[in-house]
Amino acid sequence: MSLLIDDISVSIDGARLLQGLSITVEPGQIVGMIGPNGSGKTTALRCVYRAQRPTTGAVWIDGAELTDMPLRDSARIVAALTQEGGADLDFTVREVVALGRTPHLSGNQALSARELELCRDAMAQMEVLHLADRGVLSLSGGERQRVLIARALVQEPRLLILDEPTNHLDLHHQIRLLSLLRSSGLSVLITLHDLNLAASVCDRLAVLSKGCLVAFGPPDTVLTESLLSDVFGVEARVVPHPLTKVPQVLYDLGSVTPVKGTTP
Ligand SMILES: Nc1ncnc2c1ncn2[C@@H]1O[C@H](COP(=O)(O)OP(=O)(O)OP(=O)(O)O)[C@@H](O)[C@H]1O
């Protein structure tokens, strides 16, 4: 499944949140959006999972404009893990994961044996199977995040939108999730604040700053020391990972400098 974010801008109450953003995700690619707080990453994702309509521009999925698609059709092919939560009621883990099948069901239709198996597999992949009968409100932040990822997986999407999915996850589960994405073959658009994880898992990185795209390409061309200084205000070293050669960012507590274009 291919995604084209085509020159979108978003303005709300006179505030320009995004300006002329264009990004492509080719079939099977993982594209990461990185950028400082407030740079527009979530706003861009919201336009793809239809929580926000672009003020201008359009989003295309496999050549079809998203706004022309019935909501149910796009919900069958696009799954999103959002910052807005989605597990506020005290359903059990099993029930929350099963909700991922909703776009594929009609009325009160029960889950088929295959769908129950799918839910079980997703819970096993996210290592929450032992929590299946627990209420989600009793879970830790990381456990709940893993349940929500399992729910997105059982949707069997062709495009996965993930807004900071590693939030709350310990190192084991961060790496486990990203390696699962790598082997899934899904097209993925993901935001990550950990630049080293982003460089490890993403085919392309899109860097946003103040609502604009300032770089888009493979991690080893995008993650430069001058970009980190200009966009993030961090004087870091960028070195190749000793095994994978993927660029990795090294910094210390004295690395912070003013971001270009901001006044103290
Ligand atoms: N409804 C709104 N009205 C006005 N401004 C908004 C609205 N929603 C978001 N913003 C602003 O738009 C900017 C972009 O927000 P967005 O959540 O897209 O940033 P982000 O890059 O995802 O940030 P973070 O890394 O902190 O999650 C922020 O300055 C935010 O305060």
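Helices (H or I, at least four residues) and strands (E, at least two) are DSSP runs, numbered from the N terminus. This is a predicted model, in which local features need pLDDT of at least 70 and side-chain atom pairs count only at pLDDT 80 or more, while totals for chains, interfaces and linings use all residues. Residues are numbered from 1 along each chain as its sequence is written.

**Figure 1. Ala98 in helix α3.** Ala98 lies in helix α3, which covers residues 93-98. A residue is buried if 20 or more other C-beta atoms lie within 10 Å of its own, exposed if 12 or fewer, and partly exposed in between, with C-beta atoms placed from the backbone. Ala98 counts as buried because it has 21 C-beta neighbours inside 10 Å. Two residues are in contact if their C-beta atoms, placed from the backbone, lie within 7 Å. Leaving aside residues up to four places away in sequence, Ala98 touches Leu111 and Cys119. From C-alpha to C-alpha, Ala98 and Leu111 are 8.1 Å apart in space, with a separation of 13 residues in sequence.

Figure 2. On the domain 1 side, 14 residues are in contact with eight residues of domain 2. At least two residues of that side come from each of α7 (195-201), β9 (204-209), β10 (212-217) and α8 (219-222). Helix α7 gives the most, with four residues. By class, the side of domain 1 that touches domain 2 has nine nonpolar residues, four polar and one charged. Here Ala, Val, Leu, Ile, Met, Phe, Trp, Tyr, Cys and Pro count as nonpolar, Asp, Glu, Lys and Arg as charged, and the others, Gly among them, as polar.

**Figure 3. The shell around the ligand, and helix α1.** The residues that surround the ligand are Ile12, Asp13, Ala15, Leu17, Gly35, Asn37, Gly38, Ser39, Gly40, Lys41, Thr42 and Thr43. A residue is near a molecule or strand if its C-beta atom, placed from the backbone, lies within 6 Å of it. Both β2 (15-25) and α1 (41-48) supply at least two residues of this shell, and α1 gives the most, with three. Three residues of the shell are nonpolar, seven are polar and two are charged. Helix α1 is largely enclosed by the rest of the structure, because seven of its eight residues are buried. Those buried in α1 are Lys41, Thr43, Ala44, Leu45, Arg46, Cys47 and Val48.

**Figure 4. The largest nonpolar core.** A nonpolar core is a set of buried Ala, Val, Leu, Ile, Met, Phe, Trp, Tyr and Cys residues joined through C-beta atoms within 7 Å. The largest one holds 72 residues, of which Val48, Val97, Ala122, Ala150, Ile161 and Leu189 touch the most other members. Helix α5 (residues 141-154) gives the most to this core, with seven residues. At least three residues of the core come from each of domain 1 (3-223) and domain 2 (226-264). Leu189 touches Leu3, Val25, Val31, Met33, Leu45, Val48 and Ile161, not counting residues up to four places away in sequence.

**Figure 5. An open sheet of four strands.** The sheet has the order β2-β1-β4-β5, with antiparallel pairing. Its edge strands, β2 and β5 (64-65), each pair on one side only. Two strands pair if DSSP finds at least two bridges between them. Strand β1 (residues 3-12) and strand β4 (residues 56-61) pair in the antiparallel sense over five bridges. Within this pair, Ile5 stands opposite Val59 in β4.

**Figure 6. The hairpin of β11 and β12.** Four bridges join strand β11 (residues 237-240) to strand β12 (residues 247-250) in the antiparallel sense. Val239 has Gln248 in β12 as its bridge partner. The hairpin has six residues between the strands, and Lys245 takes a positive phi near 70 degrees.

Figure 7. Glu156 is found in the loop between α5 and β7 (159-163), and its phi is near 50 degrees, a positive value in a residue other than glycine. Because it has 17 C-beta neighbours inside 10 Å, Glu156 counts as partly exposed. Glu164 is placed in the loop between β7 and α6 (171-184). The phi of Glu164 is positive, near 50 degrees. With 19 C-beta neighbours inside 10 Å, Glu164 counts as partly exposed.

Note on methods. Domains from an automatic or database assignment.
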